[in-house]
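Biologist: I am new to this structure and would be grateful for a close look at its aromatic side chains. Please begin with a single residue and then place it in its wider setting.

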Amino acid sequence: MHPLFRTPDRLIVMLVGWALVSASLSALVGGIEDIPLGHSLAVFAPAYGLWLLFLIPSYYLCRALPLDRGAWTKVLGTQMLILFATGLIWALLGQGYALIVASLAESIPALDYFAGAMFTNLVVFACVYEFFVLLHYLIIALERGRNLERAALRQEILTSKAELRALRATIHPHFLFNALNALANITDSDPAQARHFCLRLADFLRYSVAYADRPTATLGTELEHVENYLSIERERFGERLCTVIEAEQSLLPIAVPSLMLFPLVENAIKHGIDSCIEGGCLELRCGAEDNRLRIEIGNPVDELGHQRQGTGIGLISLRQRLKNRYGDEATLRTHREDGRFIARICLPLPGLAQAVE
Amino acid sequence: MAEREPISCLIVDDEPHARNALETALARHPEVKVVGLCENGLQAVKSINEQRPQLIFLDVQMPKLDGFDVLELVQEQIPFVIFVTAYDQYAVQAFEANAVDYLLKPVDPERLAQAVEKVVSRVGLEEPSRLQSLLADPVRERELARRILVRDGSEVHVLAVDTVMYIEAADDYVAIHTAQATHIKLDRLSRLQRKLDPRLFCRIHRSYLLNVNYLARIESESKDSRIAILTDKRELPISRSGYGNLQKLL
């Protein structure tokens with residue numbers, strides 16, 4: 001649809017406006033050609049009204065002849081050709097109309113008027129037509145800009161959604177790599193254990209994939225996921241890794257952001273337990289106090305051990321997710337204390353009945 | 001080959017399954033004999049020092065002391081080394097450390113056989129390299145050290161650089177002084193200095209590298225002779241160029 005008529009009120013404005021323009025043009029041309037006002041309005045105004053029939057399709061023509069692609073000369077040539085053609089057609093139509101007026105009202109020398117003002121009319125028509133061509137190109141350029149912006153915006157939204165999904169489900173290739181290595185090591189020596197290991201790994205991956213799309217999970221399933229992860233790492237660390245997980249039974253059905261615990265537990269292993277020559281104990285405790293859910297993850301860290309490079313993205317994205325969901329109501333704080341690294345999450349405690357989304 | 005004594009070897013890896021898998025795989029090679037399994041760098045240094053194996057299978061990524069740290073600490077008695085690691089990013093470094101071979105985990109039995117073959121062909125013909133290239137290797141000096149590793153017999157100490165008051169050059173050795181103790185390390189003062197933060201450590205004398213955090217004041221004996229008084233009242237000589245270095249730093 002032509003942008004000037006896209007809505008009914010615009011159509012009305014345009015039609016009324018065009019009627020006024022036609023009347024003014026008639027008065028103007030009448031003045032130039034020395035024709036009484038009443039006569040010029042009767043002969044020219046309706047004829048000028050017909051211009052609209054040519055000016056509207058020009059919009060689609062302009063769209064078909066974009067300025068940026070075709071050569072300028074080609075566009076200019078085509079537009080000129082069309083201008084001549086439409087001018088000619090209008091002249092014929094106008095002549096026809098003048099005939100009708102002349103036969104209806106013999107007192108008005110419509111045909112004479114029309115023939116006399118032909119040159120002036122064609123010049124005015126050409127000006128108006130070219131004005132509309134320029135207007136159309138302007139509208140097209142604006143629309144294209146807006147469309148590009150919209151497409152870019154849509155792309156951005158899609159990307160950030162995908163990023164968020166990917167971040168939530170982040171499984172570092174190193175983890176998979178280590179897991180497969182461990183598996184290769186135990187396949188010969190302990191096939192039953194290898195099979196068990198595969199099942200844990202499958203559970204772990206299944207959860208990561210399934211919950212990448214779901215914003216929340218129960219604390220209970222989150223803890224199971226972490227336990228799966230830890231059982232895989234235990235295979236690698238042997239006695240170096242000890243874990244303590246504590247949560248009150250009543251807290252398990254509570255809805256929490258999905259995949260919230262994994263990045264923290266993974267950090268605790270990667271940057272904590274693995275830096276200590278004797279390994280150590282990872283402690284994860286969940287409790288409720290003052291109507292808030294408090295989760296604390298603590299692990300030993302050896303300041304003088306080799307520091308594994310981390311991206312810090314895990315913590316940043318988790319903080320962002322908590323902020324999106326709870327605003328300032330949720331906190332994630334980390335600190336070091338007596339050779340231990342401690343991460344603490346505090347969330348507002350929803351009613352136990354709150355359903356998992 | 002059959003009449004030769006098997007080559008004694010040590011497996012160093014922090015993952016129990018990796019150690020066991022390698023031990024099992026080596027059981028198929030009678031030309032080597034596993035004399036010990038070590039689960040970290042500290043144990044490795046101890047075992048190398050006490051058991052003097054001819055060959056070590058050495059993991060790179062381990063807690064606290066990595067494979068390269070182990071080699072740095074046992075420079076005088078280094079055996080043949082085969083690195084066994086999950087990642088290939090250390091390969092260049094490993095060969096610069098004169099490793100016989102570099103195996104990727106999980107270890108492919110055929111590659112293991114090749115590596116063992118290489119060692120067998122070299123034992124008796126040549127001495128294991130003394131890691132000269134590791135000592136001079138710029139790759140190891142890519143970042144400023146946060147810690148200094150020293151060994152006292154079988155015991156390893158990891159010193160945080162900010163606990164080091166000053167380091168003294170003594171022939172081929174350096175004496176590293178902390179508030180509590182003095183540690184001897186086979187190293188050169190200039191090499192050690194390159195690894196340390198230049199904003200913290202200042203060469204005040206040909207034989208002294210001072211941690212400026214432990215400098216209490218400077219006393220002049222004469223125009224060209226000054227003495228650094230440390231926070232625990234110890235005194236160190238400052239040479240003329242050393243005084244220049246100190247002025248630049250402070």
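Modeller: Phe131(A) is exposed, with a relative accessible area of 51%, whereas Phe132(A) is buried at 8%. Here buried means under 20% relative accessible area, exposed over 50% and partly exposed in between (1.4 Å probe, protein chains only). The model is predicted: local features need pLDDT of at least 70 and side-chain atom pairs pLDDT 80 or more, while totals for chains, interfaces and linings use all residues. Residues are numbered from 1 along each chain as its sequence is written, chains are lettered from A and ligands numbered from 1 in the order written, and side-chain values use heavy atoms, without hydrogens or water.

Over all chains, a search of the whole structure finds 22 aromatic pairs. One of these pairs joins Trp51(A) and Trp90(A): the ring centres lie 5.4 Å apart and the planes stand at 70°, so the arrangement is edge-to-face. Trp51(A) belongs to helix α2 (residues 37-64) of chain A and Trp90(A) to helix α3 (residues 72-104) of chain A, so the pair ties together parts that are 39 residues apart in sequence. Trp51(A) has a relative accessible area of 0% and is buried; for Trp90(A) the value is 0%, and this residue is buried. To return to the opening residue, the rings of Phe131(A) and Phe132(A) have centres 5.8 Å apart and planes at 80°, so this pair is edge-to-face. The rule pairs rings of Phe, Tyr and Trp (its six-membered ring) with centres within 6.5 Å; planes under 30 degrees apart are stacked, over 60 edge-to-face and the rest tilted.

Trp51(A) and Trp90(A) are members of one aromatic cluster together with Phe44(A), Tyr48(A), Phe54(A), Phe114(A), Phe125(A) and Tyr129(A).

Some rings are faced by a charge. The charged end of Arg214(A) sits over the ring of Tyr211(A), 4.5 Å from its centre; in chain B, the charged end of Arg226(B) sits over the ring of Tyr243(B), 3.6 Å from its centre. The rule asks for NZ of Lys or CZ of Arg within 6 Å of the ring centre and within 35 degrees of the ring normal.

Arg226(B) leads on to Leu236(B), since the two are in contact (heavy atoms within 4.5 Å). Leaving aside neighbours within four places in sequence, the partners of Leu236(B) also include Tyr166(B) and Tyr208(B). The C-alpha atoms of Leu236(B) and Tyr208(B) are separated by 7.8 Å, although the residues are 28 apart along the chain. Leu236(B) counts as buried at 3% relative accessibility.

The setting of these residues can now be given. Chain A has 10 helices and 7 strands, and buried residues make up 41% of its 357 residues. Chain B has 8 helices and 15 strands, and of its 250 residues 54% count as buried. Helices (H or I, at least four residues) and strands (E, at least two) are DSSP runs, numbered from the N terminus.

Where the chains meet, the contact takes 23 residues from chain A and 25 from chain B. Across this interface the rule finds 3 salt bridges, one of them between Lys64(B) and Asp302(A) at 2.6 Å, N to O. A salt bridge is a side-chain nitrogen of Lys or Arg within 4 Å of a carboxyl oxygen of Asp or Glu.
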